[in-house]
Amino acid sequence: MDRPLAHSVPLLRVGEVLLVTLPAELTDDLAAELQRELSEVVARGGVRGVVIDLSAMWIVDSFLGRVLAETAAGIRLLAADTIVAGLRPAIAITLVELGMTLHGLRTALSVEAAFARMGVAVAAGEKP
């Protein structure tokens with residue numbers, strides 16, 4: 001299922017895991033739309049995990065941090081896991097400085113590591 005959201009945030013299905021690669025600049029409206037779309041796709045079934053790739057992003061504000069945490073919590077209630085991958089050190093520091101430790105949000109250094117944590121094998125050097 002390669003189903004793009006408006007403004008081209010694709011949801012790529014790799015087995016039972018969705019990969020969502022966020023663009024460098026993500027508007028608040030698109031973030032909220034993405035949250036709704038992910039919840040709907042997971043609720044339809046057949047998805048046991050979502051990997052949200054932030055590696056293209058240079059800035060994550062408090063709103064997006066809250067949306068990520070709420071999205072992960074909602075997906076968890078729908079019996080699937082969420083892992084945020086590719087968080088840059090500067091973004092992690094900023095989120096902590098904002099007081100957003102994002103309790104319960106699982107992270108991985110790369111998309112490959114996130115897929116490994118989900119139990120999906122990805123060959124070295126390949127994008128899922």
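Predicted model: local features only at pLDDT ≥ 70, side-chain atom pairs only at ≥ 80, totals over all residues.
Q: How do β2 and β3 run, parallel or antiparallel?
A: Strand β2 (residues 10-14) and β3 run antiparallel, joined by four bridges. Leu12 has Leu19 of β3 as its bridge partner. The two strands form a hairpin with two residues between them, and Gly15 in that turn has a positive phi of about 65°.

Q: Which sense does the pairing of β3 with β4 take?
A: Strand β4 (residues 49-53) pairs with β3 in the parallel sense over five bridges. Gly49 in β4 is the bridge partner of Val17.

Q: What unit do β3, helix α1 and β4 make?
A: With helix α1 (residues 28-43), β3 and β4 make a right-handed β-α-β unit; right-handed means that, with the strands pointing away from the viewer, the path from the first strand over the helix to the second runs clockwise.

Q: How many residues of β3 are buried?
A: Four of the five residues of β3 (residues 17-21) are buried, so this strand is largely enclosed by the rest of the structure. Buried means under 20% relative accessible area, exposed over 50% and partly exposed in between (1.4 Å probe, protein chains only).

Q: Changing topic: how many salt bridges are there?
A: A search of the whole structure finds three salt bridges, each a side-chain nitrogen of Lys or Arg within 4 Å of a carboxyl oxygen of Asp or Glu. One of them joins Glu16 to Arg48, with the closest N and O atoms 3.1 Å apart. Glu16 is in the loop between β2 and β3 and Arg48 in the loop between α1 and β4, so the pair ties together parts 32 residues apart in sequence.

Q: And which residue pairs with Glu70?
A: Glu70 forms a salt bridge with Arg66, the closest N and O atoms being 3.2 Å apart. These residues are four apart in helix α2, which means that about one helical turn separates Glu70 from Arg66.

Note on methods: Residues numbered from 1 in each chain as written. Heavy atoms only, no water. Pairing = 2+ DSSP bridges.
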